[in-house]
Amino acid sequence: MQGMSERQYAAHVGLSRGAIQKAKTAERLVLYPDGSINAAASDARRAETTDPSKTRKPPAPKLKPVPEAAVAAVGDTLREQGLAVPAVGGGTTFLQAKTANEVLKAQERRIRLQKLKGELIERARALALVFRLAREERDAWVNWPARAAALVAAELSASCSDATGQQITVEPAAMQKVLEKHVRAHLDELAEVRPDFR
């Protein structure tokens, strides 16, 4: 076979085999003596005999609009890596999007590897652990004045004397109330702290 078959030529020009058969019958194709199609000569003849107004143009590719969140995510990822960020409203190039995608894949792999090595724990688990530890610490502080008041009162009584040289006695119950007041004030201050877990 010297040239192309109908099927091969149909694939070559992007038409159906039926359209090629019609063009063959209408003598719009150049054939070799064995009946195969001379592709170059047939292309030229088809171009001469085809009415440009009746040719089908391939449809313009429909581009889906990219959500602003996706563009912002690309910008954030590039910014984190110290790379050029697309201008606001200027659009993102394919190279920038591909770079951001590769960076994110690398970050995801690194996180997965850290998890497998036990270097990384889940956020919910970490928050639960921190909450439990903070509650234990708070309880220890709340109970501390009752345990320490008698010792502190005894030490203060032993080391304090008034101007006349007489020993001053500090009551453990009074000392406990003072300590509790200051510990609770301090714990209230700590309760106002709201850590940002981003």
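The axes of helix H1 and helix H3 (residues 39-49) come within 12 Å and cross at roughly 55 degrees. This is a predicted model. The protein chain has seven helices and zero strands, and its pattern along the sequence is α-α-α-α-α-α-α. Of the 198 residues in the protein chain, 15% are buried. Among contacts in the protein chain with a separation of 6 or more, 37% are between residues 24 or more positions apart.

**Helix H1 against helix H3**

- An angle of roughly 55 degrees separates the two axes, and H1 and H3 are therefore oblique to each other.
- Angles of 65 to 115 degrees would count as roughly perpendicular, and those under 35 degrees as roughly parallel.
- The crossing in which H1 passes H3 is right-handed.
- On the H1 side, the contact is made by Tyr9, His12 and Val13.
- On the H3 side, the contact is made by Ala39, Ser42, Asp43 and Arg46.

**Helix H1 against helix H2**

- H1 and H2 have axes 9 Å apart and pack at an angle of about 105 degrees.
- That angle makes H1 roughly perpendicular to H2.
- From H1, the residues that meet H2 are Glu6, Arg7, Tyr9, Ala10 and Val13.
- Their counterparts in H2 are Arg17, Ile20, Gln21 and Lys24.

**The largest nonpolar core**

- Seven residues make up the largest nonpolar core: Tyr9, Ala10, Ile20, Ala23, Leu29, Ile37 and Ala39.
- At least two residues of this core come from helix H1 (6-13), and at least two come from helix H2 (17-25).
- Tyr9 of this core also takes part in the contact of H1 with H3 and in the meeting of H1 with H2.
- Ala39, another member of the core, is on the H3 side of the contact with H1.

- Side chains of opposite charge can pair when their charged atoms come close.
- The structure holds six salt bridges.
- One of them joins Arg17 to Glu6, with the closest N and O atoms 3.4 Å apart.
- Arg17 lies in helix H2 and Glu6 in helix H1, so this pair ties together parts that are eleven residues apart in sequence.
- Arg17 counts as partly exposed, at 39% relative accessibility.
- Glu6 has a relative accessibility of 16%, and it counts as buried because that value is under the 20% cut-off.
- The side chain of Glu6 also meets that of Lys24 in a salt bridge, at 3.0 Å from N to O.
- This second pair links distant parts of the chain, with Lys24 in helix H2 and Glu6 in helix H1, 18 residues apart.
- The C-alpha atoms of Lys24 and Glu6 are separated by 9.1 Å.
- Lys24 counts as partly exposed, at 26% relative accessibility.
- Leaving aside neighbours within four places in sequence, Lys24 is in contact with Glu6, Leu29, Leu31 and Gly35.

**A salt bridge farther along the sequence**

- Arg138 and Asp139 have side chains that meet in a salt bridge, at 2.8 Å from N to O.
- Arg138 counts as partly exposed at 41% relative accessibility.
- Asp139 counts as partly exposed at 33% relative accessibility.
- Elsewhere, salt bridges that share partners join Glu6, Arg17 and Lys24 into one network.

**Glu27 in the loop between H2 and H3**

- Glu27 is found in the loop between H2 and H3.
- Although Glu27 is not a glycine, it has a positive phi of about 60 degrees.
- The relative accessible area of Glu27 is 61%, and the residue is exposed because that value is over 50%.

Notes: Residues are numbered from 1 along each chain as its sequence is written. This is a predicted model: local features need pLDDT of at least 70, side-chain atom pairs count only at pLDDT 80 or more; totals for chains, interfaces and linings use all residues. Side-chain values use heavy atoms; hydrogens and water are left out. A nonpolar core is a set of buried Ala, Val, Leu, Ile, Met, Phe, Trp, Tyr and Cys residues joined through side-chain atoms within 4.5 Å. Buried means under 20% relative accessible area, exposed over 50%, partly exposed in between (1.4 Å probe, protein chains only). Helices (H or I, at least four residues) and strands (E, at least two) are DSSP runs, numbered from the N terminus. A salt bridge is a side-chain nitrogen of Lys or Arg within 4 Å of a carboxyl oxygen of Asp or Glu. Axes are lines fitted to C-alpha atoms, for helices over the stretch in contact, and angles run from 0 to 180 degrees between N-to-C directions. Angles under 35 degrees count as roughly parallel, over 145 as roughly antiparallel, 65 to 115 as roughly perpendicular and the rest as oblique. A crossing is left-handed if the near helix is turned anticlockwise from the far one by less than a right angle, and right-handed if clockwise. Contact means heavy atoms within 4.5 Å.
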